[in-house]
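This report describes selected features of one protein model. Please keep the sequence and the structure in view while reading.

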Amino acid sequence: MQSRTRTVSCLIDRYREYLPVEPGVEPVTLGEGSTPLVPSRVIGPELGLDLWLKVEGRNPTGSFKDRGMTVAVTRARSRGARAVVCASTGNTAASAAAYAARAGLTAVVLVPQGGVAQGKLAQAVAFGAEIWEVAGNFDHVLSLVRQAVEQAEGVALVNSVNPDRLAGQKTAVYEILDSFPGEPPASIVMPVGNAGNISAYGMGLEDYRQAGRCTDVPRLIGVQAEGAAPMLSGTPVLAPRTVASAIRIGNPASAALARQAVERTDGAFIAVPDEAILEAQRRLAAEEGIFVEPASASPVAALLEGARRRHAEGADPVIARAGGRVVCVLTGDGLKDPEAGARLGRPIVPFRGDPLALQRELARVAGGGGSG
Ligand SMILES: *Cc1c(COP(=O)(O)O)cnc(C)c1O
């Protein structure tokens, strides 16, 4: 059967030379990648940075996980898997469930009880996944799944320990570098949870360096929440705590690879408090028009925290390292976590006036002298 022409952006078609997908294998695609890279309107100028925001929430299921999932599910299907399984704080579950549905496979997702944002669960449910809640945190759930999958026939593990996932996630770096031919950013700042994505970015940078497509390699700056910062402490955190559920991970599976990626690029790991994450999330929405989930605001929180510390203490490890052109990777959409989003802005208030009263109110908010 001849395949119908694809009109969607298909990462595997665009970057097949860098991906482990054999010729002739039909991609499982939903139009992932090619996400917007938006110049910051307020925050960048305020910090004296040429700041760009890579809006990964614009992927098919609302997070960068889709970049890895298209490759992982394509490969799983081509090798005869009938089901895919993952442990997830939510976004991997949503993505695995969608790509499995697209591929005609079954998805099984195991989630930490009470640890997943509403929007992500709704997606996994809608896509028809089997959803199993496990008492314990993400690290426990991942360890459970990894042990079980070793012996399971016809089942592919699609967590980021699967190298196909990391291969697909490298493509975000290609897109960033392709956007600035000859003038790569000085730094790429991104959240770190299980540490797969920053490892993938490290590999992507290495691909482009070897291909002669990038001589000045950007620094990779990984951001964690203070209550879940094993990359800074150097030891696993037994009870990770943060509002940012996507990075509420105490024992990152790709810690070693991530450390290597950061060292090779002369980058750094940084931890930010939850209040800074929520403030960055609010500002991204209110001042830049970009609504992200809490974890995704952490890179901007790191820049803002750095500026605050420079002001208070005269030292600023973050911006000093970030310097010049900076890309913040906004990993997931705000609709993923509606409860966190609803707390950001003004409360919803009733309005019961007539058209004239409404006119007065509108004039007031427009600053047109409504008080006169
Ligand atoms: C998965 C995820 C992260 C963390 O990525 P890792 O590869 O686990 O480090 C950050 N933000 C969002 C929105 C995610 O879904």
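## Serine 34

Where is the place of serine 34? In this predicted model, serine 34 belongs to the loop between α1 (11-15) and β1 (37-39). The phi angle of serine 34 is near 55 degrees, which is a positive value in a residue other than glycine.

Serine 34 has a relative accessible area of 41%. The residue therefore counts as partly exposed, because that class lies between the limits of 20% and 50%.

## Alanine 195

A positive phi also occurs at alanine 195, again a residue other than glycine, with a value near 75 degrees. Alanine 195 is located in the loop between β7 (187-191) and α9 (196-210).

The relative accessibility of alanine 195 is 4%, so this residue counts as buried; the cut-off for that class is under 20%.

## The six-stranded sheet

Six strands form an open sheet with mixed pairing, in the order β1-β2-β10-β7-β8-β9. The edges are taken by β1 and β9 (268-272). Each of these two has a single partner strand, so one side of each lacks a neighbour in the sheet. On average, neighbouring strands of this sheet are turned by 25 degrees against each other, with direction ignored.

Leucine 37 has lysine 54 in β2 as its bridge partner.

## The helix across the sheet

Helix α9 lies across β7, β8 (219-225), β9 and β10 (325-330). Relative to β8, α9 runs at about 175 degrees.

Methods:
Residues are numbered from 1 along each chain as its sequence is written. This is a predicted model: local features need pLDDT of at least 70, side-chain atom pairs count only at pLDDT 80 or more; totals for chains, interfaces and linings use all residues. Side-chain values use heavy atoms; hydrogens and water are left out. Helices (H or I, at least four residues) and strands (E, at least two) are DSSP runs, numbered from the N terminus. Buried means under 20% relative accessible area, exposed over 50%, partly exposed in between (1.4 Å probe, protein chains only). Two strands pair if DSSP finds at least two bridges between them. Axes are lines fitted to C-alpha atoms, for helices over the stretch in contact, and angles run from 0 to 180 degrees between N-to-C directions. Contact means heavy atoms within 4.5 Å.
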